[in-house]
Amino acid sequence: MIFMQALPGFRDFLPEDYAKRNYIFACWREVARRYGFVEWEGPPLESTELYKKKSGAEIVDQLFNFTDKGEREVALRPELTPTLARVVAAHERQFKKPLKWFSLGQFFRYEKQQRGRLREHFQLNCDIIGESDLAADIELVALCIDVLRAFGFTEKDFVVRISDREFWTDFLHEKNVPAERWDELLQAIDKFGREPREKTAEKLGDLAEPVFATLKSGGKSQKLSKLLDALRGRGLADFVAIDIGIVRGLAYYTGIVFEVFDRAGKFRAIAGGGRYDNLVAQLSNGTVSMPALGFAMGDVVLGELINEIPLAREAMEKAITNDAKIDIYIVIAKEERRADALKQIQHLRDAGYRVDYPLTSEKVGKQFQTAEQLGARVAVLFGDEWPQLKIKDMTTGEQQLVTKDNFTTRIESILR
RNA sequence: GUGGCCGUAGCUCAAUGGUAGAGCCCCAGAUUGUGGUUCUGGUUGUUGCGGGUUCAAGUCCCGUCGGCCACCCCA
C-alpha cells in the first residue's frame, strides 16, 4: 500500500500538525516584523547551476534535482541564500539600503532521513543586505535570540555560538598559507570535535599544533569582543558564547558566523547563519557587489525542542487550543427550527463569529457534546421556545431565554 | 550512499515455533430537549510486502519496502 503514505522524508500535516506549523510560522513572522524586516519569497525550484557553482561542492550531492521536460537541470532549493543573492543582484536598485528581508519557505534535500532531518522542511530566513558594519551582525544575532525567546525558551535552553571566519583567515594569512587551501583547512577546523583529533591533525599538517593551541586558548578578536559587549548591552549576553571552533560548512561565509544549539546538546543545530559579503558579487559576475548576512532556522529541530521544554510546549498547546476554538455552537433541538437557525447562523458568521451546527438531525445531548469538543463558549438552542432562544454559557453552564431579535447582543456580552 | 536495530488494529503496545490480544480513539446505546465524569455494547488486522524452512511462522532464514540509530553531511 505504498500510496497510503507520503514519500520518505516528506510529511503529511494533519490538522493538529498543521496547527503546530502555523504556530511556529506565526511566531517567526511576529518577531521578524518586530525588527522591521519585510517578508518576501522566491521560487522553490532553481537551476541546479545556481547551487553547483556558488554554494560549495559538498552541497551538490544532496540536492533533490532532476532534468525537467525542457531538458533543464533543475533542483528543489536546499537553501534560500543563493536565490536571495540572485534576486538582490537583479533588483537591488529598487530598494533603499540596507534591505532587511525575511522569508518562510520550504526547502529540500535528497538524503536518507533521520530524526530532525527530513527531505523537506520549512525555514525562517532573515537577511540584511547592504550593510557592512558590525551593527548589522549584532542586530541579526539579537533577532535570532528573540525569535527563540518568543517560543518561551530561556538562556537555560539554548546558546548561540559565535565565531568569526576572519579570525581564521587572518590566522592562515599570518602563517603564509596559500589562499587556495583555505577552504579545505576551514572545513577541517569546522570538523574538529566531530571527528578524531588525529584525523583533523592529519588534514591540517604543520598547522595542527598552532590550530589546536588556538582552539584551546579560545582565541580572541576585537570584533568578537565588540559584538559580545553590544549583546550584553541589550541584556542578551547570557544567550551567547564565543566559540571559534564554529566555522560552518558552507564555503560562502566571510565574517561572523554563528550556530544555535540546545543547551542539553540533545539535538542538531536549531539555527545557523553568518556574513557572506562576496556572494552577491559572485552570482552577478561582479556587476553588483553588496555586503550581506543572514541566518536560517528550521521547523523540525525547533519543533522537537518545543516538545522537549515544558514552558515552550505549554505555550504552544495553549495557543493552538485557543486558536482552534469556535465561538458559538447552534443546537437544533427541533428540526422544524432548522431553517430559522440557518438564517441566524448566516448573520452570526457575517458578523465574524466562528459558528458551527449539526448538518443532519442529531440528539440534543450529542449536539452539546460536540459543542464542548469544539470549544464553543456559547451554545444557542433552537426549539420549542421559538421565537425565543435559549442561550447557554458553556463555561458557567448558565442558561437564559432571549428573543431572536436581540440574542446577538446577549452573545456579544458573553463572548466579550 | 554504507553499516546496525526494528516493523502486530487509526494510535501506544502484548502474544515459549502451536487458534492474534489489551488500553486509548472512534461509533451506537443507558426511555421522550443539555456537554466535561461514568457504565454497556460494537467496528478495525492478508502481523509492511514477497519468497523459503517446518506438521505448524507474528516468532526462524533470504529478499524488498518503510522507520530508527550511527557514519556521511549539515541549510
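Author: Happy to! One term before the strands: two strands pair if DSSP finds at least two bridges between them. Also, this is a predicted model.

Reader: Good. How many bridges join β5 to β6, then?

Author: 10 bridges join strand β5 (residues 99-108) to strand β6 (residues 120-129), and the two run antiparallel. Within that pairing, Gln106 has Phe122 of β6 as its bridge partner.

Reader: Which helix packs on the sheet there?

Author: Helix α11, residues 299-308, packs on the sheet and touches β6, β9 and β11. The direction of α11 makes about 55° with that of β11.

Reader: And what's the strand order in that open sheet of eight?

Author: The order is β1-β5-β6-β11-β10-β9-β7-β8, with mixed pairing. At the edges are β1 (38-39) and β8 (240-242), each of which pairs on one side only.

Reader: Let's look at β10. Why is it largely enclosed?

Author: Strand β10 covers residues 271-275, and five of its five residues are buried, so the rest of the structure largely encloses it. On one side, four bridges join β9 (residues 256-262) to β10, running antiparallel, and Glu259 stands opposite Gly272 there. Another five bridges join β10 to β11 (residues 292-298), again antiparallel, with Met297 in β11 as the bridge partner of Ala271.

Reader: Nice. What about the three-stranded sheet?

Author: That open sheet has the order β2-β4-β3, with antiparallel pairing. Its edge strands are β2 (45-47) and β3 (64-67). Neighbouring strands are turned by 35° against each other on average, direction ignored.

Reader: How many bridges join β3 to β4?

Author: Four bridges, with β4 spanning residues 73-76. Phe66, for instance, has Val74 in β4 as its bridge partner.

Reader: Changing topic: how many residues does α4 have, and how far does it reach?

Author: Helix α4 (residues 134-150) has 17 residues and reaches 24 Å from its first C-alpha to its last, close to the 24 Å expected at 1.5 Å a residue.

Reader: Which of its residues are buried?

Author: Among them are Ala136, Ile138, Leu140, Val141, Leu143 and Leu148, and also Asp137 and Glu139. Just after α4, Gly152 takes a positive phi of about 100°.

Reader: Last one: what does the domain assignment give for chain A?

Author: The assignment gives domain 1 (2-318) and domain 2 (326-415). Taken over C-alpha atoms, the centres of domain 1 and domain 2 are separated by 50 Å.

Definitions and conventions:
Residues are numbered from 1 along each chain as its sequence is written. Chains are lettered from A and ligands numbered from 1 in the order in which they are written. This is a predicted model: local features need pLDDT of at least 70, side-chain atom pairs count only at pLDDT 80 or more; totals for chains, interfaces and linings use all residues. Axes are lines fitted to C-alpha atoms, for helices over the stretch in contact, and angles run from 0 to 180 degrees between N-to-C directions. A residue is buried if 20 or more other C-beta atoms lie within 10 Å of its own, exposed if 12 or fewer, and partly exposed in between; C-beta atoms are placed from the backbone. The expected span of a helix is 1.5 Å times one less than its number of residues. Domain bounds come from an automatic or database domain assignment. Two residues are in contact if their C-beta atoms, placed from the backbone, lie within 7 Å.
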